[in-house]
Amino acid sequence: MTGCLMSQFYNPVKLYLGAISLDGLIQLLKSRYQDVKRVLLLTRGNQVEQDEHLQPLMHQLQDKDVRLREVQLANPDIDDLYTLKRELDSFDFELIVAIGGGSVLDVAKALVALQGQQATTAEHIRERIVGQHYCTEGCTIPWIGIATTSGTGSEVTCWATIWDKAHGV
C-alpha cells in the first residue's frame, strides 16, 4: 500500500487464571527467574504480602533480596513516579512483582520503562514520557503483575496511565 506507514507490535504475555494461577506463578519464578537476586515487590499496602494466599509466593522469594514498597496511590502522577524512582534507584532490582489494582500495576510498568534513565527532576521524567524515550529492548527488566481488582484488563498490555496534574493531562 503506497503511502502507508507500517509498524509492528509484539507484546508477549503469559496469563494465569483461577485456582491454579499461583502455582503457575511459582513455577514461572522457579524456571525463568531462578537466577534473579534482587526483586522489587510493589503492593497496595495493608500488609497484602502477609495474606495467607500469597505465602507460597513469599516463600519463593525468601532467598532473594526483596525490597517491599507500598504504593498507596490512586492515579499515579509524574511527581509520584519521580519520588519513587529516586527512592528506588539505589536498589538495582532485576524483577518487579506488583500486587494490586491498576495504579500499582501502572507504577510497575512505568518503572520498567524508565529503568536505567536518569531522574534528576520530575521534569526529566515528564520529558522521557512525553518524548517516549523509554528503556528499549536489552535494558528492560521483567515484571509480574498480580491483579487484585477486576477492571479493563490493562495488566496484559504494555500501556500504563501516568497523570501529569501540573500540566492537566
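Me: Does Phe93 count as buried or exposed?

Reply: First, a heads-up: this is a predicted model, where local features need pLDDT of at least 70, side-chain atom pairs count only at pLDDT 80 or more, and totals for chains, interfaces and linings use all residues. Residues are numbered from 1 along each chain as its sequence is written, and side-chain values use heavy atoms, with hydrogens and water left out. Buried means under 20% relative accessible area, exposed over 50%, and partly exposed in between (1.4 Å probe, protein chains only). Phe93 comes out at 5% relative accessibility, so Phe93 is buried.

Me: How is the aromatic pair of Phe91 and Phe93 classed?

Reply: Rings of Phe, Tyr and Trp (its six-membered ring) pair if their centres lie within 6.5 Å; planes under 30 degrees apart are stacked, over 60 edge-to-face, and the rest tilted. Here the centres sit 6.4 Å apart and the planes make 35 degrees, so by those cut-offs the Phe91 and Phe93 pair is tilted.

Me: Which residues of helix H5 are buried?

Reply: Helices (H or I, at least four residues) and strands (E, at least two) are DSSP runs, numbered from the N terminus. H5 spans residues 122-130, and helix H3 (78-88) is among what covers its buried residues. Those buried ones are Ala122, His124, Ile125 and Arg126.

Technical notes: Contact = heavy atoms within 4.5 Å.
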